[in-house]
Structure formats: structure tokens, C-alpha cells
Amino acid sequence: MLAPTASALLPTRVLFVTDSESSVSADMAALRGLGVTSFALCADPEQVPAVLAEAPADRPFELLICPHRSRDDTAERLLRRLAGAATLARFPVLIPTGEASRAAPLEAAGAKLLERPYSPNDLAAALQRALSPLRRSLSAPAGGDKSRKAAAKLERPMTTGDLVQAGHRHLEAGRTAQAAKAFAAALQRIEDLPEACLGMARLERRQDNPEEAHRWVVRAAAGYLRRNDDAGLAALLPHLPKGTRGLFAEEASTLMDQGRHRQACCSFLEAAQESGEPLHAIIARACAFSNSPSRRMEILCDAFEASGHAATAKSLRLRLLRGEYVPVPARPGWLHRFPRLQEVVAVAGWTAQAWKHG
């Protein structure tokens, strides 16, 4: 029978950080023997903060368990990731290991070790060591409401919505640096989160930078279009002179202006898929009016190659930088049965755009 203090410190829900369920099956069985039955798995330690943040408010994770194995740095990566998140630096972590001496640095970094093999009482004691600092902070009278709020943050990290709301609060208070940091943190979790993009647009307008604000509005509109949010997209249409036509291509140009070339590659591919237009024609049009079109195209080709699209990068280099003809895969429609004519039409369209903006 477990001691009352140990049983009082059982976690209600546990997140295992491992890419192999078999490596923690014995740990799950031992926890079930103590009465803990709610588990989830996360294979990538980099994704742990997001998994914790998206947990239901009434069923938060209270403990992370990450097994330590030789020639596996998952536990080290997990602790580094938690240390980099202000609200997670003290989140309870238990590390079962059969090599306690090698795992000692992990304990020095704040985790609690559980040496294998272990008995049910050993497991209960380890749970108590891991959870007691958090539970003390929840019940300690010292510090009053502030201590309880801080402890609550440890149990439930900020969601992307929380970060966006925090950014707007900072902006209302005139704390632009903190607002930018909050919006950027939300965008690190979800790269094209429209609400965070709109927050950045508002921030840029506040700083009297309308061009950069428009870039963020374009990114927000593209995000709404991806998730089929008609209401959100409709609210932005008055700020989009071209409407949704060519929106992904415009987003790609915006991402290139912001130095996000790999993301721009994805948007260019989406633009080609949506419009049916050859990818090189879309990119040529996007780069034509920059200060150095050839340099911009070269950077983009490098980004395609770095993103795993080596064949696409090679084709773009031949077509855009060396001027060689590259056959375009046929698409449904009568014009696409005539590749040469298709090229003539594409060049004519590009020339018309150049005259229009010249």
C-alpha cells in the first residue's frame, strides 16, 4: 500500500516523450498499477511546448516522462527546449534510466531520475520528488494570488491565442518590443497564423510603416485562404486591391522581402498549383521589379534546393538564369497542348505587366 503523501502526488495526466512506445510500455504498466491511466506520446521534443499548450484546460498534462537511452539525445533536447520557454523552465520531468551515472547531467539540469529496475514504491517516491515543487507552489500561502497564478502558468503554458492576446495588450500599453516578441512567438508555432500576422500589421501601422503592414495583411489573408476561413478573408478584401487573385504569389513576394525564402518557395508552389501557370513564369514576374532580379532568383533557387526540391531548383536555374527552354508539363486545356504557344502567351503577359508598371 502506498503512503498517503505519495498517492496524493500522482499526476492526473502524463506525456511521454519518445519515438518508441515499446520503450515506455513497462513504465506505463507501472503507472497504471499506481492508478495513473491517462497517457499521451510525443515523438519530437521540439513539439512538446505546443502539445502542452493545446491540452484541454480541464485535463492538462502534469508530468513529462522521457526515457534516457545510450546514443539517444532526446532527453537532452527536451530539457534544452523547456529551458528556452519561460513558462516551462520548471515543468516536472521524470527520466527513467538504466545508466544513472551517465544521466547525472540531466538531473543537474532540473529533471528527476528514476533508476531502472524499480519497484512501485520507487516509482511513487520519484513521482513525489518530481511533482512536489509544483504542488507546493500551488498550495503555498506565501505570495498569495501571484504565486498561484505563476504556478498555474507552469501547469498550463500559453497557447498561440494567449500569445496573440498578450501581444495586443502590450501594444495597447505602448510596449511595442514586448508586443513584437509575443506575436513572433505565436508565428514560431504556426508560421502563417492570420491573427498573429494581423497583430504584426497593427504593430507596423503603429510604427508608421504602411508597406510592411501591408505585407503582413497579405500573409494574414493567405493564411485565411488556406484554412478556408471565408469570414476572416472577407474582412481583409478591402485592403487587397487584387482581391484573392494571385494571393499566394503576392504572399511569396512578401516572404522574400522579409527574407523568408524557404517559406516563399512553398507559397510559389501553391500559387502555381492554384493558377495552373508555369512556376518559372510566376517567379519571373515576382522578381522582375526588384533591384536585382537575377540575384533574387538565384537566392530563391538555392532555397528550393535547400528545401528538398532539387529538380525544381535545377529547372528554374536553366529557365530563369540561363535562358534555356524547359518543357512545361501539359495541363488540361487546349492551350496546354501547344507548349511553344503557351510560352509566347506567358511572355506576352509578362511584357504587358512590365509596361503597366514601367
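Two strands are said to pair if DSSP finds at least two bridges between them. In this predicted model, strand β3 (residues 63-65) and strand β4 (residues 93-97) are joined by two bridges and run in the parallel sense. Leucine 64 stands opposite valine 93 of β4. In general, the strands of a sheet pair through backbone hydrogen bonds, in either a parallel or an antiparallel manner.

The pair β3 and β4 belongs to an open sheet of five strands, whose order is β2-β1-β3-β4-β5 and whose pairing is parallel. At the edges lie β2 (39-42) and β5 (112-115), each of which pairs on one side only. From one strand to the next, the twist averages 25 degrees.

Helices pack on this sheet. Helix α2 (residues 25-34) touches β1 (14-17), β2, β3 and β4, and its direction makes about 160 degrees with that of β2. Helix α4 (residues 74-83) lies across β1, β3 and β4 and runs at about 170 degrees to β4.

The axes of α13 and α14 come within 8 Å and cross at roughly 165 degrees. Angles over 145 degrees count as roughly antiparallel, and α13 and α14 are therefore roughly antiparallel to each other. Their crossing is left-handed. On the α13 side the contact involves Phe248, Ala249, Glu251, Ala252, Leu255 and Met256, while α14 contributes His261, Gln263, Ala264, Ser267, Phe268, Glu270, Ala271 and Glu274. Of the residues in this contact, eight are nonpolar, three polar and three charged.

Helix α14 (residues 261-275) also packs against helix α15 (residues 279-287), at an angle of about 120 degrees and with the axes 9 Å apart. The helices α14 and α15 are therefore oblique to each other. The crossing of α14 and α15 is right-handed. From α14, the contact is made by Phe268, Leu269, Ala271, Ala272 and Ser275; from α15, by Leu279, Ile282, Ile283 and Ala286. The residues of this contact comprise eight nonpolar, one polar and no charged.

Serine 253 lies in helix α13 (residues 247-257). Buried means under 20% relative accessible area; serine 253 has a relative accessibility of 18% and so counts as buried. When its neighbours within four places in sequence are left aside, serine 253 is in contact with Ala286 and Arg296. Ala286 is also one of the α15 residues in the contact with α14.

Notes
Residues numbered from 1 in each chain as written. Predicted model: local features only at pLDDT ≥ 70, side-chain atom pairs only at ≥ 80, totals over all residues. Heavy atoms only, no water. Axes fitted to C-alpha atoms, helices over the stretch in contact; angles between N-to-C directions. Helix = DSSP H or I, 4+ residues; strand = E, 2+ residues; numbered from the N terminus. Parallel < 35°, antiparallel > 145°, perpendicular 65-115°, else oblique. Left-handed = near helix turned anticlockwise from the far one by under 90°. Contact = heavy atoms within 4.5 Å. Nonpolar A, V, L, I, M, F, W, Y, C, P; charged D, E, K, R; others polar. Buried < 20%, exposed > 50% of the residue type's maximum accessible area, 1.4 Å probe, protein only.
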